[in-house]
Amino acid sequence: MSAQIRMGSITIHRIVEQEGPFFKALEFFPELTEELLGENRAWLQPRFFDANDQLMLCIQSYLVQTPHHNILIDTCVGNHKERPTRPFWHLMKSDRYEKSLAATGLGVGDIDFVMCTHLHTDHVGWNTRLENGRWVPTFPKARYVFADRELAFWTKRQQDKPAACPWIADSVLPIVAANRADVVKSDWAFNDLVALIPTPGHSIDHFSVHVGKPGADAVVTGDMIHSPLQARYPELGMMADYDSAQAGRSRRELFGRFCDTSTLICTAHFPSPSTGRVVRWRDAFDFVAA
Ligand SMILES: [Zn+2]
């Protein structure tokens, strides 16, 4: 199934790999209190939190078609990858992602660029696929765009403590070894339709991707936000943040720039349809599905 969004000369498709309840909210957001959860449960359930206060999350890529390029933003979890600390992602054998890509009318050979907003396990998985016991690039023609400090951080982490980040060895380093990586600054402007926006904090050099032209534009946010609760409370960090205070500043800056505008916000993990607009709410923001 492919959901598509048309926007000027651009078409955006969502490529869904998984959707459902994943993590307990009080663990996912370490600073979240029972009290704040209680104040917000009524609007969060059942769409964003299930009855057991687990986050309803979507795992997906965004495929942006411009007149010139097909750009895949983030690549989910992937198949056959050893993820012992995440049972729901361990050794996956699912055809959902490939079917969802095929439903767009495009195949792996049509992808020109893969952009990873950051190098966490659920954003790099389909970078590679298993072929005769080796990890090879899934998208045979694509250049893969990584932020320089993000790649440096995870390359060192993999050297120091390989068991802590197996996805770097099977989904990132094989791309570098195959000379397919384009290592860029996180504010890199690709062309007049596609530019990166630095949104650090969740990871050291996380970026979001701005696509389109004024009046017909979108921001693919990656993991600069995980739940609309963090629009209302931008300082609410999540468990895997590199620097939650910085992540909060990134949310305030990005939402401050795009709130009360027509810019479509395309989140990585909000439940379907995952997209919406940001409006002012008290001294922060609210996310309105669209
Ligand atoms: Zn993620």
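The lining of the largest pocket divides into 18 nonpolar, seven polar and six charged residues; here Ala, Val, Leu, Ile, Met, Phe, Trp, Tyr, Cys and Pro count as nonpolar, Asp, Glu, Lys and Arg as charged, and the others, Gly among them, as polar. The structure is a predicted model, in which local features need pLDDT of at least 70 and side-chain atom pairs count only at pLDDT 80 or more, while totals for chains, interfaces and linings use all residues. Residues are numbered from 1 along each chain as its sequence is written, and side-chain values use heavy atoms, with hydrogens and water left out.

The lining of the largest pocket is made up of 31 residues, and R86, H120, T121, W167 and A240 lie nearest the centre. A pocket, on a 1 Å grid over the protein atoms alone, is an open set of points with protein on both sides within 12 Å along at least five of seven lines; a cavity is a set of points where a 1.4 Å probe fits but cannot get out, and lining residues have an atom within 4 Å of a point. The elements that give two or more residues to this lining are strand 2 (10–24), strand 3 (54–65), helix 4, helix 5 (148–160) and helix 6 (166–171). Helices (H or I, at least four residues) and strands (E, at least two) are DSSP runs, numbered from the N terminus. Helix 5 gives the most, with three residues. The volume of the largest pocket is about 560 Å³, where a volume is the space filled by probe spheres set on the grid points, and points are joined across faces, edges and corners.

Next comes the metal site. D122 (OD), H123 (NE2), D223 (OD) and H269 (NE2) coordinate the zinc ion at 2.1 to 2.2 Å. Donors are N, O and S atoms within 2.8 Å of the metal (3.2 Å for Na, K and Ca), and water is not among the atoms, so sites may look incomplete. The angles among the four donor atoms are 84 to 164°, and the site is irregular. Four donors count as tetrahedral if all angles lie between 85 and 135 degrees; four count as square planar and six as octahedral if opposite donors are over 155 degrees apart and all others between 65 and 115; anything else is irregular. Along the sequence, the donor residues follow the spacing D-H-x99-D-x45-H. D122 lies in helix 4 (residues 121–124) and D223 in the loop between strand 13 (216–222) and helix 8 (229–232), so this pair ties together parts that are 101 residues apart in sequence. D122 and D223 are both buried, a term that means under 20% relative accessible area, with exposed over 50% and partly exposed in between (1.4 Å probe, protein chains only).

Turning to the strands, strand 12 (residues 207–213) is largely enclosed by the rest of the structure, because six of its seven residues are buried. Strand 12 pairs with strand 11 (residues 194–198) in the antiparallel sense over five bridges, where pairing requires that DSSP finds at least two bridges between two strands. In this pairing I197 has S208 in strand 12 as its bridge partner. Five bridges also join strand 12 to strand 13, and these two run antiparallel; here the bridge partner of V209 is V220 in strand 13. The hairpin of strand 12 and strand 13 has two residues between the strands, and G215 takes a positive phi near 90°. Elsewhere, strand 6 (residues 128–131) and strand 7 (residues 134–137) pair in the antiparallel sense over four bridges. In their hairpin, N132 takes a positive phi near 50°.

The peptide bond from Q45 to P46 is cis, with omega near 0°, and P46 lies in the loop between helix 2 (34–44) and strand 3. S272 and P273 are also joined by a cis peptide bond, with omega about 10°. D74, although not a glycine, has a positive phi of about 70°; D74 is buried, with a relative accessible area of 2%.
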